[in-house]
Every structure is written in structure tokens, then in C-alpha cells.
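Thank you all for coming; I would like to walk you through one structure this morning. Please have a look at it first, and then we will go through a few of its parts together.

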Amino acid sequence: MLLNPLNRRHRLRHDIPVVPGAFPLVGHLPAIICDLPRLLRRAERTLGSYFWLDFGPAGHLMTCMDPDAFALLRHKDVSSALIEGIAPELLGGTMVAQDGGAHRQARDAIKPAFLPKGLTQAGIGDLFEPVIRARVQAWRDRGDVAILRETGDLMLKLIFSLMGIPAQDLAGWHRKYRQLVQLIVAPPIDLPGLPLRRGRAARDWIDAQLHQFVRDARAHAARTGLIKDMVSAFDRSDDALSDDVLVANIRLLLLGGHETTASTMAWMVIELARQPVLWDTLVEEAQRVGAVPTRHADLAQCPVAEALFRETLRLHPAVTLLPRQALQELQLGQWRIPAGTHLCIPLLHFSTSALLHEAPDQFRLARWLQRTEPIRPVDMLQFGTGPHVCIGYHVVWLELVQFCIALALTMHKAGVRPRLLSDVEKGRRYYPTANPSMKIRIGFS
């Protein structure tokens, strides 16, 4: 019952078909959240490469399944401002929902700290390594874990270390961020106990904490961390930005560094657990390297770990859909798209498209290990492209390779390996971010 059996009438919007089966108020959200791959395949098979999906409170978005739609991410007449329109209380005032000068101003204030040179100078790899090692050692000692909950807590601790935030009450922060992300899909009903009320309360709690961290960064000149750097850069800006804008962007960085990376890390462990040969290959590399890398210059020594990171992100993308808005009339294939049209670019579809990847449904490290050409924009589409390429790309690359090597070294030394204890397909979610079920357990034996 993920689609409404009472709504099977075929309709058109701007001569483009609307997917049948939408429910009142929530539209196609039940199917988008719980079974997006099947929904997209079915719609493409029956309606073609262009169709409308109903995102409930966010309205109708025209979904483009043709590979040419990927170019929309770089198109000068396509805006990211729709992101703020869909989730104004979560993403309003953040650089992910801005274009042009406003986006550059916020981004330029923090970009240097996220590049390999800045990360190396700040010793971020040395900061991350003991945190990761301690966490996987705790997993080894416990014997089995709820993997997504554990990777979520680990990622919060890592991003807090990067930001220079005291790592207190990680479980509380994890819970607040899970409530916060529900603002993207929350029905516009503000009553106690409903997602909108819980999401707003979580946002207010997080923002209050971040405002205090900003005040502390200004008060303590010797304090280090990304928040200190961001506060200094924002305060030096020619067009001074308010603390609310600063806090909104810090909240965004915490969310991006926590929710999506934790999902990818969990899927990496799941794939290692269900593919013994993959685990053996990683262990062999980890033993050859001998230690967890701490600098980007060292990552070249770990091609298997890097391939595991890239292939996991391809097959299990943490971000499945990107919304955009046409500023001018566009020509997409045979269709003329009116100015103002809300667009949906299905990254999940392109990640697993046979037009872009050989044997796309198979988990293959060889597609990365045997390649001779450089990484293309389409190969890292999960991080976006153009002016909106993810600022945390190099951080994620570093911490996930570190995690792979630390996991392999720690578990192999104890004579154990990851084993899957749960049904992977049960309880998966695809939107607003994609992740395995919180109930999936991994054993180490």
C-alpha cells in the first residue's frame, strides 16, 4: 500500500505525465521513502524518462531520468534555492540553498580548512585516527553492534573533533539530528508529538548549543577547531554575516558530516560482512600498509580501501534525490520545461544506471582498481558538481579510508571478521537521506 490504489487516473502537467498512486497530503512520499528504486523503475518503464512525483508538503517535482539531466547541476539557469523552499526551517540561510555571491561568501569563509593542505596542516588525520581506532576496538570487545547507531555516534565524535566542540552527550546529539532531518518530510501540522513539532524543537536545541560554541570561540583566543576558524573568517568578512547565518551553516556541516557519512560507513561494514572475499582483500592491504594513514598523501597506499568507499557510495548513495528549480525555460530532450518548474535529479538512478556503469547492480571494486582515467564528475555525483560540489569531500575520503584500515587491522589481529546478523533489506529508507535500518546488527567473530 505504498501507492494509493484509489488514485490510478493518468494525468498530465505541462504535457508530462504524473505518476499515479499519490495519497492526499503526503503524495508519493510513502513509496519514495520506503521503495524509491522500484518506484523510479516502474515510472520510467510505464511513463518514460520524464514524469512528475508528488512530494506531499514539498509539492510536485518533475523527475528527469535521462543522463543529460545530470548537466542541470551545472546549468546557469538552474537554481538550488528550491532546497530552502522544501525545507526552510532546516536549510534556510545555508549555503547549500544559495547561489551566486551569497553562496560564495559563505563557502569561501571555510573552504581552505577543508582542502587537503588545510586538513594536513591542522593535523586532522592525526586527530581522527585514535578516535576511530578506539571505537572499532570497542566493537571488537562487545562482539556485535547495531551498526548504523554506532557509525552515527562515531561520525558525530569525529565531526565534533574537527569543529573543536566538546564531545558530550553524543547519543543526545544523534537523537536530535534524527528528529531534525524529519523537517524535510514533516506534514505542516504543528501538534505535540508530530514530526514538525519535534523537528523544530530539535533545531532550536541544536542552534542554542551552537550559539554558545560561537560565543566561546570568540571569548577564548587560544581555542582551535573549525568553528574558531569559521567565526574568525565570518567576522573578517567585508559584508559581516549574522550569527544566525553562521549557526545555520555550522548546523548544516554537522548534519552533512554526520548523517550521510554514517550511512556510507554502515554500508561499508555490511558489504564487508556479506562478502568474505572483499574482507580478505581489505585485510591483505591493511597488513601491507601496517598502520592507519593520517595524511591525504598517504591515501594512495590504500587503493582497496578507497575503492570500497567509492563503490559503496555508488551502490548505496546517501543522498538519493536533488531538487532544483528552472530559472528560465529549458529544453530537456523533446520537452520544453517552463521557467519556475521544480526539478528532481535522481542521483540514485544515475548511480546504478546501466548507461553509466557496467553491471551496475554488482558490487565491484575492480571498476575503481582497474580504471586508467581520472575520477570524473559523474563518478562522484554523490558530492555534487560545479559551484555546489560538497565542501566535505576530502574529509569524507580521509575518514572512510582511515576507518577501513583501522577496522581491518583491529579485527584481524583479534582473529575475527564482520558477520551479518540481520536482514539488510528490511527497514531500509531512501529519503530524505538513505540509510540501512537502525536495527541491522553486525557481529565480530
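This is a predicted model: local features need pLDDT of at least 70, side-chain atom pairs count only at pLDDT 80 or more; totals for chains, interfaces and linings use all residues.

Let me begin with the open sheet of three strands, whose order is β6-β12-β11 and whose pairing is antiparallel. Because β6 (144–146) and β11 (418–420) stand at the edges with a single partner strand each, one side of each is left without a neighbour in the sheet. Neighbouring strands here are turned by 30° against each other on average, direction ignored, and helix α8 (residues 147–163) packs on the sheet, touching β6 and β12, with its direction at about 75° to that of β6.

Residues are numbered from 1 along each chain as its sequence is written, and side-chain values use heavy atoms, with hydrogens and water left out.

On terms, helices (H or I, at least four residues) and strands (E, at least two) are DSSP runs, numbered from the N terminus; strands pair if DSSP finds at least two bridges between them; contact means heavy atoms within 4.5 Å; and axes are lines fitted to C-alpha atoms, for helices over the stretch in contact, with angles from 0 to 180 degrees between N-to-C directions.

Returning to the sheet, β11 pairs with β12 (residues 441–444) in the antiparallel sense over three bridges, and Arg419 stands opposite Gly443 in β12.

Finally, Lys413 lies in helix α17 (residues 393–413), and its C-alpha atom is separated by 9.7 Å from that of Gln287, 126 residues apart along the chain.
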